[in-house]
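Here is a short briefing on one protein chain. Start from the sequence and structure below, then read the points by topic.

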Amino acid sequence: MHRDQSEERHTGGRVEVQLACFRVGHLYYGLDIMRIREVIRPMKITPIPKSPAFVEGVINLRGAVIPVVDMRRRFDLEIPPDGRKTRIMICAVSGRVIGLKVDEVAEVRSYGRGDIQPAPHYIKGPEAEFFLGVCRRDDDLVMILDLEKILSSEEKIDLETLGAEAESTV
């Protein structure tokens, strides 16, 4: 997590990080709240030819063309129709804006640094790099996402190219 961009609070000597908890499939994930600009309901998504498989397309949000990554596709999960709780989290990453389509945005929780454990060592392969760590959410575990890694694996997204292609098709 980027310390300079994280929402950290000092409460009684304890450093806390605020994470937005969201669900993709049956699992919960966490993302640094300072990365999220807003959460919106699904809207018309325009597909972009030749984009990576996990990029569902682009949306036009108040005049800004924003690529949308379907997190189910990113994690190679089954793709059901959008549900009542489906949301798009508009996030900032490396000076760019993207949308993350998730099944549900649950809540914002504060965690102390000691509450966050390293990602399980049994996660191997390219997916292992997606996670910064893990923490508890009641009886569930929350995998903390590294947003840069979600977007910069082998299937790198050139968001500026996608945006330019999108504007020509929208």
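**Core and packing**

Leu31, Met71, Phe75, Leu100 and Leu145 touch the most other members of the largest nonpolar core, which has 25 residues. A nonpolar core is a set of buried Ala, Val, Leu, Ile, Met, Phe, Trp, Tyr and Cys residues joined through side-chain atoms within 4.5 Å. Buried means under 20% relative accessible area, exposed over 50%, and partly exposed in between, with a 1.4 Å probe and protein chains only. The model is predicted: local features need pLDDT of at least 70, side-chain atom pairs count only at pLDDT 80 or more, and totals for chains, interfaces and linings use all residues. Residues are numbered from 1 along each chain as its sequence is written, and side-chain values use heavy atoms, with hydrogens and water left out.

- Two or more residues of the 25-residue core come from each of β2 (14–24), β3 (27–32), β7 (87–93), β8 (96–102), β10 (131–137), β11 (140–145) and α2 (147–151).
- Another core lies apart from it and holds nine residues, among them Val17, Cys21, Ile116 and Val142.
- Phe75 is in contact (heavy atoms within 4.5 Å) with Val24, Tyr29, Phe130, Phe131, Leu145 and Ile150, leaving aside neighbours within four places in sequence.

**Overall build**

- The protein has three helices and 11 strands. These are DSSP runs, numbered from the N terminus: helices are H or I of at least four residues, strands are E of at least two.
- From the N terminus, the order of elements is β-β-β-β-β-β-α-β-β-β-β-β-α-α.
- The protein has 170 residues, and 47% of them are buried.
- Of the contacts with a separation of 6 or more, 59% join residues 24 or more positions apart.
- The accessible surface is about 9300 Å², and carbon and sulfur atoms supply 49% of it. Areas come from the Shrake-Rupley method with a 1.4 Å probe; for residues, only the protein chains shown count as cover.

**Aromatic groups**

- There are six aromatic pairs. Rings of Phe, Tyr and Trp (its six-membered ring) pair if their centres lie within 6.5 Å; planes under 30 degrees apart count as stacked, over 60 as edge-to-face and the rest as tilted.
- Tyr29 and Phe131 form a stacked pair, 6.1 Å centre to centre with 15° between the planes.
- That pair links distant parts of the chain: Tyr29 is in strand β3 and Phe131 in strand β10, 102 residues apart.
- Tyr29 is buried at 5% relative accessibility, and Phe131 is buried at 14%.
- One aromatic cluster is formed by Phe22, Tyr29, Phe75, Phe130 and Phe131.
- The charged end of Arg74 sits over the ring of Phe54, 4.0 Å from its centre. The rule asks for NZ of Lys or CZ of Arg within 6 Å of the ring centre and within 35 degrees of the ring normal.

**Buried polar residues**

- Glu56 lies in strand β5 and counts as buried because its relative accessibility is 18%.
- The Glu56 side chain makes a polar contact with the side chain of Lys101 at 3.2 Å. A polar contact is a pair of N or O atoms within 3.5 Å; within protein, one must be able to donate a hydrogen and the other to accept it, and residues adjacent in sequence count only if both atoms are side-chain atoms.
- Beyond residues up to four places away in sequence, Glu56 touches Ile45, Thr46, Pro47, Val68, Asp70, Arg73 and Lys101.
- Ser51 is in the loop between β4 (36–40) and β5 (55–61). Ser51 is buried, with a relative accessible area of 18%.
- The Ser51 side chain reaches the backbone oxygen of Ile48 at 2.9 Å.

**Buried strand residues**

- Leu19, in strand β2, is buried at 0% relative accessibility.
- Leu19 and Tyr111 are 92 residues apart in sequence, yet their C-alpha atoms are 7.6 Å apart.
- Ile144, in strand β11, is buried at 1% relative accessibility.

**Positive phi**

- Most residues other than glycine have a negative phi.
- Arg62 is not a glycine but has a positive phi of about 50°. Arg62 lies in the loop between β5 and β6 (64–70) and is exposed at 66% relative accessibility.
- Ser94, also not a glycine, has a positive phi of about 50°. Ser94 is in the loop between β7 and β8 and is exposed at 52% relative accessibility.
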